[in-house]
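Here is a short briefing on a few local features of one protein model. Keep the structure open as you read.

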Amino acid sequence: MSRLEAKKPSICRSEPLTGERTRASLAALRGLVTSCYGPAGRLKQLHNGRGGSVVTTSQSAALLAGLPVSHPVLKVLTAAVRNHVACFSDGGLFTAILCCNLVENVQRLGLTPTTVIKLNKHLLSLCTSYLKSEVCACRIPVDFSSTQILLSLVRSILTSKPACMLIAKEVDHISTLILRAFLLTIPENAQEHIILGKSIIVPLKGQRVIDSAVLPGILIEVSEVQLMKILPIKKSDSFKVALFGVSLSGDLSDTGEGTLLVSYGVSLENAALDQLFNLGKQLVSDHVDLVLCQKVIHPSLKQFLRTHHVIGVDRIGVSLMEPLSKVTGAWPIGSLGSISPSSYGSIKDLCIAKFGCKHFFHLIPNKTTICSLLLCNRNDTAWDELKVTCQTALHALQLTIKDPYVLLGGGCTETHLVAYIRHKTRNEPESVLQDERCSQTELQLITDAFCSALESLAGSLEHDGGEILTDSKHGHFWSVQANLPSAVNWPDLLSRCGCGLYSSQEELSWSFLRSTRHPFPPQTYLSREATGAASTLTLDCFTAKLSGLQVAVETASLILDLSCVIEDTN
């Protein structure tokens, strides 16, 4: 008999941020996410000691999902980041790094949490107001009559995930397919309120990335044996479709704790088959051409339908039920009783397609916003990473419809914001001091900590020991190799800024990031000529990055405001 232990009292720890364990844990998390950031980020392998699959990734969603976090402060931080990624798909590493930087920088100042939170909130308001304003020089409006900006956005997301293992040609091909798949989900006669369709990603592992394709409609994978049993059907008009969400296997449903009474001499199996055959006869009399079942169709019913030239496809799975309902217009049938004629749907055509070693039924709709993205990659690990990245890119495009703007990437938005905030707080401090009731010294300390957090975030893009510069005109991010000679001509060493918008051949002057320099007003009002002249831009999703900025600052404020942690040790 096991011995019962008395319940231990909960542990209350005051001032949780001052402990060495908290600082070490926060530094370890910051180091982890920082090392994964950007196109040159280092990959991480996740696996447990008991075996199982190994995940190679640099994505925040996979990292934080596979990372056992026990410290209460880190639980708050990771929960906020994961919630942000669940809502916006992109910007998880950005949010986590900025939040860690803010907490660590402010801890060194020794100011009261109330003062820090008030001033951080004001600086966040400065950032968001500027990014939403028409004078913002790192925000580009999206012109939907051209694909240039949208393609650059998708390409930037793909290149930021090195575990996808894509070369330049493959990045261009997948970017084009993602944009095409997104455009197919937009209704032709779009009104003021748009209801977007869906892009279904179909796996094809072990094939060349360049073999990936986008097809309108839905691909349903079938075995070669199943195809051999199906007679080819050619019709001049549309195919009538019945969609079943209930099993057609003839099995009895679970009665739970109830009792099933069966009359003497009655065969349950024969009764179930008779019910299935009656259903099949109705389908034939209603001139149904295609029966799709989420679960299993009984072999006898399949044979009956086949003899009457009706195609039966089973084991479709729950994930395709909603798209199939939209494509065909059929309502999922949930019983084996009489079927209402309004439950049926139709498709324009049905054909058989083969990609690699897989066979598919290709359902071609009459008019729909559903498409299939047949996604190929060399191995399982690279395919899994590419799938998540494609879903992120598709979500970013959807968010761009709601807020038709993108932000400059490659660290340029962060360094530009730093220049803007430093100049604003240095030259116009009166409004802040009056509203927040703080001293000039406190404002300067918090501004330096806030800007240093953004600068460290931008600097996280450099993983090979190179130097980071900013120019004194636009406030953009520039990267150069390490171990420079004492006398250098910057235009000869630099090519383009991090986002690719500006060239080093312009009349610019540079200084090292985090070096002491007088605050300067960065140039505002981004001209259309400048964005049109750049062939390839590195861009970020406006909505995701703006939300990530807000989540990072607000979560840092929440962590800094913690006075005690009560932990149950039982």
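Two strands count as paired if DSSP finds at least two bridges between them. With that in mind, look at strand β15 (residues 405-408): three bridges join β15 to β19, and the two run antiparallel. Bear in mind that this is a predicted model.

- Strands of a sheet pair through backbone hydrogen bonds, either parallel or antiparallel.
- Here, three strands form an open sheet. Their order is β4-β15-β19, and the pairing is antiparallel.
- Which strands stand at the edges? They are β4 (139-141) and β19 (539-541). Each has a single partner strand, so one side of each is left without a neighbour in the sheet.
- From one strand to the next, the twist averages 40°.

- Two packed helices are described by the angle between their axes and the distance between the axes.
- Helix α1 spans residues 20-35, and helix α3 spans residues 72-88. Their axes come within 9 Å and cross at roughly 30°.
- Angles under 35 degrees count as roughly parallel, so α1 is roughly parallel to α3.
- On the α1 side, the contact is made by Thr22, Ser25, Leu26 and Leu29. On the α3 side, Val73, Leu74, Leu77 and Thr78 take part.
- By class, the contact of α1 with α3 has five nonpolar residues, three polar ones and no charged ones.

**Ile178, in a helix**

- Ile178 sits in helix α7 (residues 168-184).
- Is Ile178 buried or exposed? Its relative accessibility is 0%, so Ile178 counts as buried.
- Leaving aside neighbours within four places in sequence, Ile178 is in contact with Val154, Leu158, Cys390, Ala393, Leu394 and Leu397.
- Ile178 and Leu363 are 185 residues apart in sequence. In space, they are 20 Å apart, C-alpha to C-alpha.

**Thr185, in a loop**

- Thr185 lies in the loop between α7 and β5 (198-205).
- Why does Thr185 count as buried? Its relative accessible area is 3%, and buried means under 20%.
- Not counting residues up to four places away in sequence, Thr185 touches Ile195, Leu196, Gly197, Lys198, Ser199, Thr369 and Cys371.

Notes:
Residues numbered from 1 in each chain as written. Predicted model: local features only at pLDDT ≥ 70, side-chain atom pairs only at ≥ 80, totals over all residues. Heavy atoms only, no water. Helix = DSSP H or I, 4+ residues; strand = E, 2+ residues; numbered from the N terminus. Buried < 20%, exposed > 50% of the residue type's maximum accessible area, 1.4 Å probe, protein only. Contact = heavy atoms within 4.5 Å. Axes fitted to C-alpha atoms, helices over the stretch in contact; angles between N-to-C directions. Parallel < 35°, antiparallel > 145°, perpendicular 65-115°, else oblique. Nonpolar A, V, L, I, M, F, W, Y, C, P; charged D, E, K, R; others polar.
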